[in-house]
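Opening my notebook on this one. I want to see how the chains are built and where they touch.

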Amino acid sequence: MDFVSWRPIEAVVTLAVIWIGLGVIGLALMRTPRLITGAAFPVGALVSLALAATGLWAIGAPPSAAILPAGLPDLPFHVRIDALSGFFLLLLGGVSFGISLFSSGYFRGNGGQRLGLLCLQYHVFLASMAFVLIADDAYLFMITWESMALSSYFLVTTEHHQEQNRKAGFIYLLVAHIGALGILLCFGVLHGGHGDYTFEALRAANLSGFWATVAFLLAFFGFGAKAGMLPLHVWLPEAHPAAPSPVSALMSGVMLKTAIYGMVRVIYDLIGGIRWEWGLTVLLFGAATSLFGVLFALMQHDLKRLLAYHSVENIGIILIGIGLSMVFIGSGHPVAGVLGLIAGLYHTLNHAVFKGLLFLGAGSILKSTGLRNLNEMGGLIRYMPHTALYFLVGALAISALPPLNGFVSEWLTFQASLQAPLLESSVVRSLVPIVAAVLALSGALTGMCFVKVYGIAFLGQHRHAFAEQPREASGWERAGMLWLTLACFALGLFPVFMIGELNKICLALIGTGLSDEAMASGWLWLAPTASAQASYSPVVFLLVIAAVFGLTFLVVRLVYHGRLRRADPWDCGFPAQTSRMQDSADAFGQPIRQIFAPVYLIHREIPRADDPQPVFRQSVEDRHWYAMYLPIARLTEFLSGHIGKLQQGRISVYLLYSFLTLIALLVFAQ
Amino acid sequence: MNVTSGIIFQVLQSVLVVLIAPLMLGWVNQCRAWLQNKSGAGIWQPYKVLHKLFHKDAVLAHNASPLFRVTPYILFGCMWLAVGIVPVLATSLPFAPAADVIALVGLFALARVFISLAGMDVGTSFGSMGARREMMIGFLAEPAMLMTLFTASLISHSTSLATIVETLGHREFVIYPSMAFAAVAFLMVLLAENARIPIDNPSTHLELTMIHEAMILEYSARHLALIEWAASLKLTAYVAIGIAIFVPWGIAGAGDWIGLPIALAALVLKLVGAGAGLALLETVSAKMRIFRAPEFLGTAFMLATLGMLIHFLLER
Amino acid sequence: MDLPFHAQLINLFAALLLLLAFAMLTQRRILSLINLFAAQGFVLVLSTLVVAYSTHQSHLYYSAMLTLVLKVLLLPWIMHRLIRALNVRWDVETLINMPATMLIGIVLVIFAFNLATPITQFAGTINKSTLGIATACILLAFLMMITRRKAVSQVIGFLAMENGLFFAATSATYGMPMVVELGIALDVLVGTLIFGVFFFHIRETFESLDIHHLEKLKER
């Protein structure tokens, strides 16, 4: 083979095929489970790393396309890789590297048969995500999209002996297919009955205003269903806790991002001609999604469910960035639009990294203690100091705290929203900063939520006696988490590099980039518009805090002393305290429950005053189930009940149906 | 402007503010004592307290984790950075571009998260209660604070504090009605964020009312001293942000050595005035129930939003 | 923006009026409500004086004096006496909770500003944009009347609405003819007096000033 003349596209296809091969080999190695965890997953991780490098290469390289020697006779598969695909491949590779490393430790100790299946599904899942990102016709896109949904469905239902998990998988599959239907229809609208289904042809299609809007809405809700956008988010908090932790990390970190990729690809690239009304729709849905997600996350005590709701929130934040960009582009200010898109895409990458890390941390806790319920944890920092450190970094990053990566993308989103005075319409102009305030609110609420998670899981005293002493995560697991932790730092401290890459995507996609002044301020200073307007330097930020930290420590030791004595906790002199007097996860969310009471559907069981064994029960539910999903389910049931009457059970009736259809068609075709 | 003078300004300002921050707290307490017809402990009292605390042996709970021990230093570092960034004396600080107003809010949030985590570390009932309340106040105050700062940013087309000061302070006098709203909102946020009346009472250990004090109950000696010092730094930083945005006159420009004495005098005057005003405000108002806090901060948020809307209507 | 100084002052007063309107909307105590109303009247007087000075329209001085006497001194005094006589210094109970009220308020302000934008382009005066604020004040006062339960605060809402109208008149069109103004002033005064009398009657009938009791008066 001639490797020298390879373009990114050949490399990506090869790597994806290697993944599939690894999966098959894993299935074949069922007898020797140790080889699967010790070899197949680490090799998969190396493939991820290679893919990430290829993605980075592709961002800078010119677009390269190819036709695969597969597919139907007259419908070959088209693949193409450009800057946007390259960025998402980088995301896929970079994050899955850490997750695969973690998996080789995490899945150890599973039975061989299960492990073999898991290895196959896992790698097919990865490969189909890679193919989604490089698909260049609607046909291949839909096939890989569906295989992505199916392989992840099997992964979600790995523990299928529990009914709850089967249910979760069903809801996931259902919503995924509703979304896929929307996407399919969108391609149909774009296609418009002429030409073929390559993206080339779809891009060239000239849609009228109405049909363009229809295509936008179909794509927005179709991809929104996969991403977990507000009314279609219900599958997320069900599916993520059901799946094994690395799979949750992969789904939340990477799979949701393919939906963002699809949204950007279809709206910016295929439909084109963005209008500000579309942007406003995306913006408002994004704001609602982010606030809703975090409010419900605060109500959870199941760690993985909580993280799943945070995925909903972060998808909202990404949508805010993209929506801002669309609003600006639609009103003729592409430079501000670039800023919004960069913010959205950067948050996409950041969320992949820190959410992957947090899910892996949750997995470590689950593996070492068997617990998912926060109310039973406590004091884990003493048993799992490494995991605690990595989790702390992830928690700070997701809470959008400087100098980590989550803050950079929120900062960029704020900067984009401060371009609001450019807009003409006074209502939109006033709405944009208010959306920014919603973003600030959800950011601060995230901070509260992760203080809760970290304070309850890792700090304090443990609330229940552990069955056995929790052990620190294994080496592979720690390596996976360390990789993502380092990524959090790298993306947070040196954002300028990645923003330079993102700028290339915008140049390719929108035709405009950030101003030259913005790019000229050097690697240390992040100044997206101009250095007099806004600047941020995470490195200086961190260095000053670290320097003051060290200096203070030294001065206090030198001038005074470092004497220390251990004693019982003081707690205001309260003598009889037990570990049950700490806040539980539900207690910590109580102020939120009170302030935002109308958002929730709260059921309370309050004991009577004379109850000898008083029990207080409370559950918080999502109103969407009752307001939206159950009515639809009932309607479906009703309709299918009537349609079911067609089924008579007699052959002659069925033949009659066929006959009548034939007659009708003949009449129609006449 | 050359680099040397910038660095001298930077060091001068940081050291000066860190040293006078406890004095500011002492002045507020003294004013409050006077207003309440007491003689007061004198404005130097906070220094004496800090000195005493540094001398003592630290007592740590058995199950306190390393996080508990590093938090005071992180807190102190955050606040030091904050006062290093805000243009208190001069606008041309080499560190200033490291963080604009949004990053400054993020910095305070970082400090808040760490102190809350430390509050939950030992696992006492008061600690987690304080952490919960602190985070509640925090998430309510943060959007309000950002909206306030957005108003100022929209006027000066910049989120960098130095540029805001130069726009508002070093040009000819223009009335910005939106700033009236922003100022009121900022004042409310300042009270809430610095654990002052009517949200929190800094001088009480009553279990039902305390927020900030509840979190730091387990701290002692040098750790407590650093936390108290950081708290006074935070108050000073907030007052300095308020001064920089709402009464920026007198802050020296780039490398302006002649302006420095004037800036210093103006700063002292403003801080004295702000401290007295704060004391007056705290004397005439009563502490709120904790669940009135959302209403209080909601009002602040709304005022800040209104300020921004008014800016869009009147000032462009 | 390069507005002359007096125009900036008027903008500032406009902003203060809106601030006070919001303060009234969120104020729970009737006593403070009356004080806020008086303060709003005072800001109105100041802005009228500035308009009068800058446009040299002497009749505006008279209307400023009228406002001062009526809205800053007389009406608050009457109200103070009224609530002392009725002994209704209790906290106001709102029908909708505060944060929701404030959110509705903000939506109203955006709406009002948006509404006023096309009109201001035809206005000839220098402070065109104050019309939006005046509209917002009127709507907010209306909102206050809707959300309050006690009759006294509804009257204050009514008077605050009139403040907004008056401000619109002075700043956007340099005042109404004197006759109209006198007429309105008289109306407001008489209106308040009549309301006062009504209050006594309402309380005698229902032993409370809660308008909730008036709901019984409907025919069925």
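**Ground rules.** This is a predicted model, so I only take local features at pLDDT of at least 70 and side-chain atom pairs at pLDDT 80 or more, while totals for chains, interfaces and linings use all residues. Residues are numbered from 1 along each chain as its sequence is written, with chains lettered from A and ligands numbered from 1 in the order in which they are written.

**Chain B, overall.** I looked up the elements and got eleven helices and one strand. They are DSSP runs numbered from the N terminus, helices being H or I with at least four residues and strands E with at least two. The order from the N terminus is α-α-β-α-α-α-α-α-α-α-α-α.

I then checked the size of chain B. Its C-alpha atoms fill a box of roughly 60 × 45 × 40 Å along the principal axes.

Of the 316 residues in chain B, 66% are buried. Buried means 20 or more other C-beta atoms within 10 Å of the residue's own, exposed means 12 or fewer, partly exposed is in between, and C-beta atoms are placed from the backbone.

The classes: Ala, Val, Leu, Ile, Met, Phe, Trp, Tyr, Cys and Pro are nonpolar, Asp, Glu, Lys and Arg charged, and the others, Gly among them, polar.

**The strand.** S1(B) runs parallel to strand S3 (residues 564–567) of chain A, joined by four bridges; pairing needs at least two DSSP bridges. Leu60(B) is the bridge partner of Arg566(A). I also looked at the faces of S1(B): Val59(B) and Ala61(B) are on the covered one, Ala58(B) and Leu60(B) on the uncovered one. Side chains in a regular strand alternate between the two faces of the sheet.

**B against C.** Here 21 residues of chain C are in contact with 19 residues of chain B. H1(C) supplies the largest share of the chain C side, eleven residues. By class, that side has 16 nonpolar, five polar and no charged residues.

**Core.** The largest nonpolar core has 427 residues, and Ala130(A), Leu17(C) and Leu18(C) have the most contacts inside it. A core here is a set of buried Ala, Val, Leu, Ile, Met, Phe, Trp, Tyr and Cys residues joined through C-beta atoms within 7 Å. Helix H16 (residues 426–457) of chain A provides the largest share, 20 residues. Beyond neighbours within four places in sequence, Leu18(C) is in contact with Leu306(B), Ile310(B), Ile133(C), Ala136(C) and Cys137(C).

**Last check.** H5(C) has 14 of its 18 residues buried, so this helix is largely enclosed by the rest of the structure.

Technical notes: Two residues are in contact if their C-beta atoms, placed from the backbone, lie within 7 Å.
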